[in-house]
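Subject: Structure handover

Hi,

Here is the structure for you to look over. My notes come after it.

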Number of protein chains: 2
Amino acid sequence: MTAANETNSSSDRVVIFDTTLRDGEQSPGASMNLEEKLQVAEVLDEMGVDIIEAGFPIASEGDFEAVAEIAKHADKAVIAGLARAIPADIARAGEAVKFAGRPRIHTFVSTSPIHLQHQMRKSEEEVLDIITATVGQARNLVEDVEWSAMDATRTSIDYLCRCIEAAIKAGATTINLPDTVGYAVPEEYAAMFRAVRERVPNADKVIFSTHCHNDLGLAVANSLAGVMAGARQVECTINGIGERAGNAALEEIVMALKTRHDVMPYTTNIETPYLMRASKLVSSVTAFPVQYNKAIVGKNAFAHESGIHQDGVLKHAQTYEIMRPEDVGVRSSSLVMGKHSGRHAFREKLSELGFELGDNAFEDAFRRFKDIADRKKHVFDEDIEALVEDEIVMATETIKVMALTVIAGTGGPQKAIITLDVDGRHETREATGNGPVDATFNAIKAIVPNDANLSLYQVHAVTEGTDAQAEVSVRLEEGGRSVTARSSDPDTLVASAKAYVSAMNKLMTRRARSKADVLAV
Amino acid sequence: MTAANETNSSSDRVVIFDTTLRDGEQSPGASMNLEEKLQVAEVLDEMGVDIIEAGFPIASEGDFEAVAEIAKHADKAVIAGLARAIPADIARAGEAVKFAGRPRIHTFVSTSPIHLQHQMRKSEEEVLDIITATVGQARNLVEDVEWSAMDATRTSIDYLCRCIEAAIKAGATTINLPDTVGYAVPEEYAAMFRAVRERVPNADKVIFSTHCHNDLGLAVANSLAGVMAGARQVECTINGIGERAGNAALEEIVMALKTRHDVMPYTTNIETPYLMRASKLVSSVTAFPVQYNKAIVGKNAFAHESGIHQDGVLKHAQTYEIMRPEDVGVRSSSLVMGKHSGRHAFREKLSELGFELGDNAFEDAFRRFKDIADRKKHVFDEDIEALVEDEIVMATETIKVMALTVIAGTGGPQKAIITLDVDGRHETREATGNGPVDATFNAIKAIVPNDANLSLYQVHAVTEGTDAQAEVSVRLEEGGRSVTARSSDPDTLVASAKAYVSAMNKLMTRRARSKADVLAV
């Protein structure tokens, strides 16, 4: 069954195509590793995303592997792989998605005069031939083929119709018309869909799709305008991440359709209480903060500060709330955990937070929970989320932080003494540095030398108050690749050391993997 | 001259009404002090904002003072003060804005049945009488009166027309129709403006205004739809901050109108190269991060990651860029400063970054720049911005950090020894804590006891690399008030101590001020 069987332009069902793992990952600095991609894909699949674009298989061995692994693991979702209009790309995408229960190849080519002339240096007729050949090739590999007219919104409608006709003839089942540069306004974007649906033969046999970028702040409005004009697939990302100003945000599209069903009578398959969890996971694996006032998933989205609004909300919630917090997964009440909480309560709480751990991982997490409960008065949900996420990362560690002592302050130079466990062997070194964090990292490098460049160092207090756990994010870059790791601890410096070591562990896993790649070629 | 004289529905000039200091400041956690509000107002005025809503004078003495001070300092902009439909509010707003060259009173009342019934508990006729009385009162105080129909988008069009008619009759010169709960879609919002402009007598004598919230991600699209339907004032905020999911973002509205002038032939008075500076300032004084993929002002908004896009941009910028970075104040090249840079180069750089310092402040900043240049290889613009902002805060400090030594790590308990200068007297204390930051703050509290609650603790690496300066934000809350302070230093713990002390200085200034308030009553 192809996704095209599930809806058509006269149906009221809109399919959600999530491209967090492809267009989202193209955000400068947002790269995710395989484990992280699998975690994100699992949540997307569970929450009811119809199509997960898992990556761009020809781009790298890592991308290929991610698409193939997600294809193997996906339960319900169609898994799509991206391919340029190049035979090798399409073949590679086909190899990657073939493991999926429901595979899709998504191939694209530029259609606008500015791209044809300056980037591709091809004529309109040449591009038409390319469309016919590449869509046909994809259709020989899978039943479900999506074709995208890159920069559609800056393409003449006549030529766009010819391209779409060629793609449908060659077997495309979904036609995507992206606003690649985020240039369209809603009226224009809707008019384009109306025009092509009217003029292209067999337009009623395919699903039309929106793909909007947010350069002028109009991505959500444009996507919805596309749906009102007959599109029945929306391409979007969690938190709206993506190239430049990002893509249309999945959570905004879905909640707008749900909240304003009276004027936009369309439904999606998304279980909206997953939205907050998906948002937090994507923010965590990319280390991209979510703006406090981000619609739907920002920490202030359901918070009221002014006396007038608070008064109204207390009198009648609907005076200022058009959505219920629980509908997007914002917990209104919370079971507070403390040092007297036992294994049973802890397992309940984990399950409430959406985590299921194996027995060993559970025991480790419980032990660390008790450590924190001894040191903190209240253990909040965020503390527990932080430590469990930490636990997941630790599963693959070969270097571990055993002990750390830091002497810092205005006297300088700052000094750190660290003991690491490297493959079972304990080593201790002392180093100075420009600040306590720099000294700590220098001590680690004295034991495990590396040339990686520290491109991000960030500290968040995971919960409020002076006894907050600190969550530290560290990103290391080496040979064009980057890894991000997070760690949490009440002591910022311990969290920093652990995050740095965790990033090094990830880098070493990568190195091992790319050596294997080289051998495989 | 009232703002209404500058444009009308048949003109193509759209006036920009910035409410960062009023609706923006209502964001949970975004409160700004007087100094910070004056800084923001100065940038808004310089960049060409037509109307600055400076606050809600009756809300507190601090709000009154901020509106009055901004009114005294503003150069070109109209200064508006907000007032409920209550005689005391309007009188107070009038007192605050009277210092402005061009004062405006902005008064509002709810018009939707849900607000009338559940919040106000008044009949439609009672509300009409209130509108006539309060707008009339305001018009007796100032020539330029704006009236807002709170929750206009959930009000019946018949009753809305009667309210607007009453407001115009009573002397309102601007009529604002807010989408208070962020519920509207563009078509509806435009239809409302078309209907009231057609039906209300003398509608052509006033300016209609949009005010959109972003709960469903549609604030910018709704504002633009309002303009296309005849509105000629747009209410918006820098970075889109505001209650819940925030307001329409000023920078997105302005750049959408500029970039798509072909389909939206309207102009604003905004000098767009100020946009990035305004965004950074507001983010800095509120400690609200800007999402990396935020349209226009996010750090990724003009960044290209994928090979395909980079290739296109190198061949021809317009293939993927619809705006030029320099048009929104993003510097494409940068003069890198180092330890050999002298006073002249430093002053040039400060002026390039938009700072003008007096002689003493300049010497202090230069000395600190040299300190940093000695310790860091490259001093980036962000380093200099951080230290100058620090300098501005330090001007009012009565407590200073003189020395700090911290011993931290896995051994615990963490220990801090701090020396503070309190009004010229040096005191040293030692304290332990749960982590080095907690120990440091405990040591400070041992010298200067306080009951303030730490509601935010955040660390950013201001620049990349291990020799980055850390910027720490600390928010303290006391008796319902909150202050935020930032400080930067290569040593995170020193930056933390300085930020905490700076927040305490601000709190003490507040306390002194509110004691004066009590005496004045």
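Below is what turned up, by topic. Please keep in mind that this is a predicted model.

**Helix α2 of chain A**

Start with helix α2 of chain A, residues 34-47. The length checks out. With 14 residues at 1.5 Å a residue, the helix should span 20 Å, and its end C-alpha atoms are 20 Å apart, which agrees.

The helix is largely enclosed by the rest of the structure, because 10 of its 14 residues are buried.

At the start of α2(A), a side-chain oxygen of Asn33(A) comes to within 3.2 Å of the backbone nitrogen of Glu35(A). Just after the helix, Gly48(A) has a positive phi of about 100 degrees.

**A sheet across both chains**

Next, an open sheet of 6 strands with antiparallel pairing. The order is β11(A)-β10(A)-β9(A)-β9(B)-β10(B)-β11(B), with strands from chain A and chain B. The edges are β11 (425-433) of chain A and β11 (425-433) of chain B, each pairing on one side only. On average, neighbouring strands are turned by 15 degrees against each other, direction ignored.

Within chain A, strand β9 (residues 399-409) runs antiparallel to strand β10 (residues 414-422), and 8 bridges join the two. One pair to look up is Ile399(A), whose bridge partner in β10(A) is Val422(A).

**Salt bridges**

Over all chains, the search finds 60 salt bridges. Here are some of them.

- Arg92(B) and Glu61(B) meet through their side chains at 3.4 Å, N to O. The pair links distant parts of the chain: Arg92(B) is in helix α4 (residues 87-97) of chain B, Glu61(B) is in helix α3 (residues 61-73) of chain B, and they are 31 residues apart. Glu61(B) is partly exposed, at 35% relative accessible area.
- Glu165(B) pairs with Lys169(B), with the closest N and O atoms 3.9 Å apart. Both lie in helix α7 (residues 157-169) of chain B, 4 residues apart, about one turn of the helix. Residues three or four places apart on an α-helix point the same way, because there are 3.6 residues a turn. Glu165(B) is partly exposed at 29%, while Lys169(B) counts as exposed at 71%.
- Lys415(B) pairs with Glu430(B), the closest N and O atoms being 3.8 Å apart. This pair also joins distant parts of the chain: Lys415(B) sits in strand β10 of chain B and Glu430(B) in strand β11 of chain B, 15 residues apart. Lys415(B) is partly exposed, at 29% relative accessible area.
- In chain A, Arg22(A), Asp23(A) and Glu53(A) are linked in a network of salt bridges.

**Cysteines**

How many disulfides does the structure hold over all chains? The count is 0. A disulfide needs the two sulfur atoms within 2.5 Å. Cys161(A) is buried, with a relative accessible area of 7%.

Cys163(B) is buried, at 0% relative accessible area.

Best wishes

Technical notes. Residues are numbered from 1 along each chain as its sequence is written. Chains are lettered from A and ligands numbered from 1 in the order in which they are written. This is a predicted model: local features need pLDDT of at least 70, side-chain atom pairs count only at pLDDT 80 or more; totals for chains, interfaces and linings use all residues. Side-chain values use heavy atoms; hydrogens and water are left out. The expected span of a helix is 1.5 Å times one less than its number of residues. Buried means under 20% relative accessible area, exposed over 50%, partly exposed in between (1.4 Å probe, protein chains only). A polar contact is a pair of N or O atoms within 3.5 Å; within protein, one must be able to donate a hydrogen and the other to accept it, and residues adjacent in sequence count only if both atoms are side-chain atoms. Two strands pair if DSSP finds at least two bridges between them. Axes are lines fitted to C-alpha atoms, for helices over the stretch in contact, and angles run from 0 to 180 degrees between N-to-C directions. A salt bridge is a side-chain nitrogen of Lys or Arg within 4 Å of a carboxyl oxygen of Asp or Glu.
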